[in-house]
Amino acid sequence: MSMDTYMVAPIGWVESPLTDRDQAPKQGDEGSPEAWLVFEERVREGLADLRPGDVIIVLTWLDRARRDVLSVHPRGDAGRPRQGVFSTRSPDRPNPVGLHRVGVLAVEGTRLRVRDLEALDGTPVLDVKPVLDRDTER
């Protein structure tokens with residue numbers, strides 16, 4: 001088995017009032033404030049078809065996460081038994097890729113205003129993908 005290394009370059013970043021991980025909601029739909037996704041000019045063309053009302057998946061690099069964690073108490077609740085990180089949404093994991101389902105509220109050039117994003121201010125954005133409807137969007 002080969003352990004290749006892959007380089008991933010951010011295409012933007014998060015602008016959010018959330019700056020402290022301990023005060024951020026565990027999931028975006030649990031009270032996160034509206035935030036901006038700010039993209040580099042080089043990816044402007046890729047944003048061309050996004051509109052307010054769209055629901056998208058945002059992949060981020062959770063740059064403040066620990067990478068040496070393999071098990072956690074789900075949701076940080078010590079009363080719950082430990083689980084392997086791959087069966088949880090913990091940000092702490094070997095490759096801390098964040099997966100966020102967000103709603104687009106506004107599009108302003110290379111900036112998207114979104115709801116339901118729990119990522120911290122300055123978090124690098126790696127990619128954006130549409131939420132697929134199983135029957136119509138293949």
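The tour below goes from a loop residue to its neighbour and then to some charged pairs.

This is a predicted model, in which local features need pLDDT of at least 70 and side-chain atom pairs count only at pLDDT 80 or more, while totals for chains, interfaces and linings use all residues. Residues are numbered from 1 along each chain as its sequence is written, and side-chain values use heavy atoms, with hydrogens and water left out.

Select Thr110 in the loop between strand S6 (97-108) and strand S7 (111-115); strands are DSSP runs of E, at least two residues, numbered from the N terminus. Is Thr110 buried or exposed? Thr110 is buried because its relative accessibility is 13%; buried means under 20% relative accessible area, exposed over 50%, and partly exposed in between, with a 1.4 Å probe and protein chains only. Leaving aside residues up to four places away in sequence, Thr110 touches several residues, including Leu37, Phe39 and Arg44 (contact means heavy atoms within 4.5 Å).

Next, select Arg111. Its charged end sits over the ring of Trp36, 4.5 Å from the ring centre (the rule asks for NZ of Lys or CZ of Arg within 6 Å of the centre and within 35 degrees of the ring normal).

Arg111 and Glu15 form a salt bridge, with their closest N and O atoms 3.2 Å apart (a side-chain nitrogen of Lys or Arg within 4 Å of a carboxyl oxygen of Asp or Glu). This pair links distant parts of the chain, strand S7 and strand S1 (residues 12-15), 96 residues apart.

Finally, select Arg66 and Asp68, another salt bridge, at 3.1 Å between the closest N and O atoms. Asp68 counts as exposed because its relative accessibility is 58%.

Key: Helices (H or I, at least four residues) and strands (E, at least two) are DSSP runs, numbered from the N terminus.
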